[in-house]
Amino acid sequence: MINNVNIKAYKVGLVFKNNKLVNVLQEGNHWLFGNNNVLIYDMVLPFVAPVELNILLQNETLASLLDVVEVADGEIVLQFVNGNFKEILTAGRYAFWKGLVKNEFVKADISKPEITEDIATMLFENVRIRPYTRRFQVMAYEKALLFKNGTLVGELAAGNHYFWNNSIPIEVKTVDARQQQLEIPGQELLTKDKAALRINFFARYQVTNVVKALVENKDFEKQLYVQMQLALRAFTGSYTLDELLGRKDTIAQEILTNTEAKIAELGLVVFDAGIRDVILPGDMKEIMNQVLVAEKKAQANSIMRREETAATRSLLNTAKLMEENEVLWKLKEMEYVEKIADRIGEITISGGGNIIGQLKEIFIK
């Protein structure tokens with residue numbers, strides 16, 4: 001039996017006889033003798049072996065026309081066609097025609113967590129690659145620690161971090177590295193003189209050592225809260241109510257000084273602290289108001305006594321001067337006469353006699 005087979009451009013024909021590859025036909029017109037089976041392949045498409053690929057590759061002509069890619073367990077291969085990502089190849093053996101397009105392959109070991117292969121970061125968000133990766137995002141205002149198999153590996157910078165998705169545990173712990181405010185409200189405390197009061201306190205802090213904050217301490221924010229709470233309680237209990245109110249503006253700095261070392265062990269630094277409110281119970285408010293009123297009355301009485309003393313001293317000095325100086329006495333007498341005259345509406349003179357003499361008797365006698 002004679003058959004004529006025409007192989008067009010960009011195609012390849014495989015000649016099988018009794019299921020065995022006996023010849024490879026490339027572009028052109030070919031005559032075949034005998035009972036043969038011809039399979040024609042398009043070189044644009046991947047090569048799909050009709051029988052075991054290892055057997056076919058024993059033919060040197062076919063082997064020279066194919067790129068063979070072997071992918072082991074725990075590996076994937078990224079296929080690029082003419083420089084563009086096309087497909088993910090999982091465990092197995094693959095063959096691609098050479099020459100028509102440029103095939104490139106990047107093999108990746110996904111049994112390890114770190115991505116060390118030369119793969120563009122943007123590809124990790126591709127829908128085909130995403131199932132094989134894990135992504136952790138660290139914001140610009142955060143500090144982060146990387147743990148592998150429960151062991152601290154190191155710090156991570158801000159940005160997206162990708163790891164192969166496998167059975168090895170990967171954990172990224174983050175903490176806000178910005179200045180933050182801790183509120184300690186409604187602390188019911190006793191002063192040294194057993195006065196009850198309630199204080200609202202605050203502190204501004206920042207994480208400076210992420211390892212101490214996340215690894216060496218558990219719940220560093222709760223520990224900071226307790227440290228500040230205990231320091232505030234100890235400070236309040238060491239002063240009387242009057243002393244405490246007098247030192248209100250210095251409480252924060254004294255508390256920070258006393259707690260600085262312990263706060264540093266948490267990996268933190270406290271920049272500022274202060275008292276928002278000092279709230280007294282109702283009966284204490286009434287007592288304080290009574291004390292305030294009494295103090296104001298005492299101040300008013302003291303001022304009045306000072307003014308009376310000054311007035312008396314002034315009168316005494318005036319009297320001494322008038323006693324020593326007759327002209328001054330007459331001037332003072334005329335001053336009083338003038339004041340009296342200002343208050344007289346009219347003057348009635350009865351009888352005869354000297355009018356001037358009568359007026360003189362009224363004002364000068």
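Is Arg 204 buried, partly exposed or exposed? Arg 204 has 29% relative accessibility, so it counts as partly exposed. The points below concern a predicted model.

1. **Overall count.** The structure holds eleven salt bridges. As background, side chains of opposite charge can pair when their charged atoms come close.

2. **Arg 204 and Asp 272.** These two side chains meet in a salt bridge, with an N to O distance of 2.4 Å. The pair links distant parts of the chain. Arg 204 sits in strand β17, which covers residues 196-207. What is the exposure of Asp 272? Its relative accessible area is 28%, so Asp 272 is partly exposed.

3. **Arg 276 and Glu 183.** Here the closest N and O atoms of the salt bridge are 2.9 Å apart. This pair also links distant parts of the chain: Arg 276 is in strand β18 and Glu 183 in strand β16 (residues 180-190), 93 residues apart. The two side chains also make a polar contact, at 2.9 Å. Arg 276 is partly exposed at 42% relative accessibility. Glu 183 is partly exposed too, at 36%.

4. **Surroundings of Arg 276.** Strand β18 spans residues 268-279 and includes Arg 276. Which residues does Arg 276 touch, leaving out those up to four places away in sequence? They are Gln 181, Glu 183, Asn 200 and Phe 202. Take Phe 202: it lies 74 residues from Arg 276 along the chain, yet their C-alpha atoms are separated by 7.2 Å.

5. **Arg 135 and Glu 125.** This salt bridge has its closest N and O atoms 3.6 Å apart. Arg 135 lies in strand β11 (residues 133-138), while Glu 125 lies in the loop between β10 (103-109) and β11. The pair therefore ties together parts that are ten residues apart in sequence. Arg 135 has 46% relative accessibility and counts as partly exposed. Glu 125, at 33%, counts as partly exposed as well.

6. **A network.** Which residues are linked with Arg 135 in a network of salt bridges? Glu 125 and Arg 130 are.

Technical notes. Residues are numbered from 1 along each chain as its sequence is written. This is a predicted model: local features need pLDDT of at least 70, side-chain atom pairs count only at pLDDT 80 or more; totals for chains, interfaces and linings use all residues. Side-chain values use heavy atoms; hydrogens and water are left out. Helices (H or I, at least four residues) and strands (E, at least two) are DSSP runs, numbered from the N terminus. Contact means heavy atoms within 4.5 Å. A polar contact is a pair of N or O atoms within 3.5 Å; within protein, one must be able to donate a hydrogen and the other to accept it, and residues adjacent in sequence count only if both atoms are side-chain atoms. A salt bridge is a side-chain nitrogen of Lys or Arg within 4 Å of a carboxyl oxygen of Asp or Glu. Buried means under 20% relative accessible area, exposed over 50%, partly exposed in between (1.4 Å probe, protein chains only).
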